[in-house]
Amino acid sequence: MSEPISTTTAGTTSPESPTALPYNLPDFFSDEEWLVLFSLTSAIVAAVDASDETISSPTSEEAAVLSFSASIESTHFRQFLLAVLQRLPESSRESMKFVLGLLAQEGFFPSYVLWSKSGAVPFYKKAQEERIELIKSWIDGREWVFFPPLRTFARSILRLTCLSFIKTQAHTGEVDLHNEEAVLFRALGITEKRKPTTDNGIRNIERENTGGMGDGLYPFEFLDLSKDRSEAEILWLVNELNAQLSNGGVPAHEDDVGPKHTLKTEKIGEEEYRVIETDALVIGSGCGGAVVAMAVAEANGKVLVVEKGTWYPNSTFPKSERETGTSLYEGGTFYVRPEQENLALLAGSTWGGGGTVNWSVCLQTQGFVREEWATSYGVPFYLSQTYQKKLDEVFNRLGATLHSKHNNRNNNLLEGAHKLGYYGRALHQNSGGTQHIDGYCTSGCGGNSGNPEDGDGWGWKLGVAQTYLPDAARAGAEFIQGLFVESIIIENGVATGAKGLWIPPHAEDGEQASPIKVIINAKTVVVSCGSLSSPALLLRSKIENPNIGLNLTVHPSAAIMAIYPEETKPLYGASTTAIVTTFENIDGEGYGAKLECTNMLPTFVLSTIPWTSPQDYKRKLLQWKNMDAYVSICRDKIGGRVYLDPANPNAFKVDYIVSEIDRKHLTEGAIAAAKIAYVQGAKEIFLNNTAIPTFFATVAVEARSILDPEFQEWIARVREQGLHAPEGCFASAHQMGTCRMGPDKSKAVVDIKGKVFGVENLYVADASVLPTASGVNPMVTTMATAAIIADGLLKEVSGDWKAREERWGRARWATVEAAKGRLAASRGW
């Protein structure tokens, strides 16, 4: 049957909300507006009476979850919520403030808008039951279409509250026993994150001898821009190295060893800048930038890679659930634009970019997509043997293999697909042929987190931070972290470098130093900031091309949750090792939906559970141990755009609405995933959509058919309702297309060599150049495309660089690096 449990509010407790602000809070909201906000949060995550059968026979830990309220008195919740609000763009807070102010006024809204027994009084003065009923009406009721800000605001506050409540549970990677608010994780039995293995399995081997293995512990070094480094000091270091290496039979040549970038201070106008000279500046260390950096460095170019994020050693991974968003992702968590409440964008913003936080899926560009790009979009190399060779080289370097072990939900996906005659198969994972049993990759992969008792082997996820970036370092590339590039320097139509701000690391006393202004002069500039930040950088650089930022595709996904009678071990095993492709070409033009499994980190998946009432929300949360989550992910046919925030030119905004055709494709994928869960024995199935009720199965598993009347009735309800906003929410982990490649400037941003139209020596090499949505996880496609761009770049510019002779083999680089490290340490560099 498809009727959910009662969602009345009779079972909620009704503590009095404060009518005066008991704490000093930031002044971007007034006291009354803060009172309204926390009266909303305490109604969304409200204390629930444990005797109302929300969950039968709750344990003491479960009872603590039921009794918890996300109120202003909840210290950890309040502090986390404040931190999130402070990170929001000012324009977003202003939008929230507008509605909070209206709700704080007495009698402002007509009584039918804030209808309740207490009449049109300020929201925070209403009883708890009245507040809950009003929130539900704003979220679900289409009658509020005449005042969209209220409905949009309500759903934004709902997500903000649920996310903050979930995030509050984990403090430093383990449940903080001193955090009395970590009630949910205690009830779910989550007491600590898995620790990566640190035994002999961790290897540090050169590329040629690994058959695709990478370096999980490469000791990256980053330039310290707070200190000058002159040519004389570089020459001194070179001479010292030459003297030390001569006894080892290593030829001496100043271009082969030593740091290659000078650091000096120059006064330009009234401003002081740290100035650096390089051959090739690569902006961004993600999948595209890393490939270009390695190629240029190995061709003897002087390469500098700059990254606005931070490098974290593998030994610090996985990050705690609370740290993950703030440390590794754009915007400090999901990048959500409140004005568009139906889409959450997840984009890596750390050393190695998306390759550091993705789920290890390796898929090559499909033939029909390659043909479309070559013939319809004028990029012929996609049908070339050279491109296929690049795809294979990427697969080999990343160690993409089929040796991963399926966990419960991936097994369910494949077995259920087989029962229904759908086509499903295993996915390649970039783990070098080892068992990489790790459900934490979205928080950074620290190596194998499997259980040795289950026979799991060791293994790394081999992202670009374990492969291409160490290769670039060994070939002489240098790196800067924490540098935000404000603009490309363009003189007479030629890119000559970039300007930015460098944030020095925290000092030992914890004080944050002031940002340092930086100019990097370069003969070639390669933008690899990703599909959200690359167009923003080009726009800040005043490049005139109306296509910049357009054609944003995101592979929108819809979540399908299933609760089973037995525990599913949600955190065990790699997140995504299987795929179902039966529905990938619904329209006959190469557009449709694929089915995959998603990550089950509590803060990731539980924050997406639809809220229909405090009781139902908490009931679902407490069944996480029995839950699987699947996604219907579509190749979107109609895109959106990225543009600069008018209130802050260093920030960007996104316009994207999932189109009607893409919603239909997602809906059919979601129905297929629900059928798989049904035949696999799920007792409850629900979507992240408050307009679609939870399905409760009553037929015994062994007797089930997808033609069962009650299930067919629910399917019809899903298809009729569709995955429409604002009742549902979509998510995206793949952003593409905002600097589209093509032969025609009127339709593209870069030409078929990756060069920006109208600007010499400026290239883009990341997923933003893809002509349309790739239709598969775009990591491998992006890297192969970047390799093609790097080859073309080298043909055009390498003749201008002073070539270095290869005087010894790669195996000698370790000796050189060790000597460099000792001498640099002695000089305090």
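Modeller: Some ground rules. This is a predicted model, where local features need pLDDT of at least 70 and side-chain atom pairs count only at pLDDT 80 or more, while totals for chains, interfaces and linings use all residues. Residues are numbered from 1 along each chain as its sequence is written, and side-chain values use heavy atoms, with hydrogens and water left out.

Biologist: What makes up the secondary structure of the protein?

Modeller: There are 22 helices and 23 strands. Both are DSSP runs, numbered from the N terminus: helices are H or I with at least four residues, strands are E with at least two.

Biologist: How many of the residues count as buried?

Modeller: Of the 829 residues, 62% do. Buried means under 20% relative accessible area, exposed means over 50%, and partly exposed lies in between (1.4 Å probe, protein chains only).

Biologist: Why is Asn-358 called buried?

Modeller: Its relative accessible area is 19%. The cut-off is under 20%, so Asn-358 counts as buried. Asn-358 sits in the loop between helix 11 (354-357) and strand 6 (361-362).

Biologist: What is Asn-358 in contact with, leaving aside its neighbours within four places in sequence?

Modeller: Cys-441, Lys-461 and Met-779. Contact means heavy atoms within 4.5 Å. Asn-358 and Ala-733 are 375 residues apart in sequence, yet their C-alpha atoms are 8.4 Å apart in space.

Biologist: How do you know that Val-292 is buried?

Modeller: Its relative accessibility is 1%. That is under the cut-off, so Val-292 counts as buried. Val-292 belongs to helix 9 (residues 287-298). Beyond its neighbours within four places in sequence, Val-292 is in contact with Val-282, Val-526, Ala-765, Ala-786 and Ala-790. Ala-765 is 473 residues from Val-292 along the chain, with 7.7 Å between the C-alpha atoms.

Biologist: How much of the contact in the protein links residues 24 or more positions apart?

Modeller: Such pairs account for 74% of the contacts with a separation of 6 or more.

Biologist: Why are the buried residues of helix 2 said to line one face?

Modeller: In helix 2 (residues 60-67), Glu-62, Val-65 and Leu-66 are buried. Seen down the axis, they fall within an arc of 100°, so they line one face of the helix. The arc is that of the directions from the helix axis to the C-beta atoms. Their cover includes helix 7 (183-188) and helix 18 (614-621).

Biologist: Why is helix 14 called roughly perpendicular to helix 19?

Modeller: Helix 14 (residues 408-420) and helix 19 (residues 660-679) pack at an angle of about 95°, with axes 8 Å apart. Angles of 65 to 115 degrees count as roughly perpendicular; under 35 is roughly parallel, over 145 roughly antiparallel, and the rest oblique. So helix 14 is roughly perpendicular to helix 19. Axes are lines fitted to C-alpha atoms, for helices over the stretch in contact, and angles run from 0 to 180 degrees between N-to-C directions.

Biologist: Which residues of helix 19 make the contact?

Modeller: Lys-675, Ile-676 and Val-679. On helix 14, the residues include Asn-412, Leu-413 and Gly-416.
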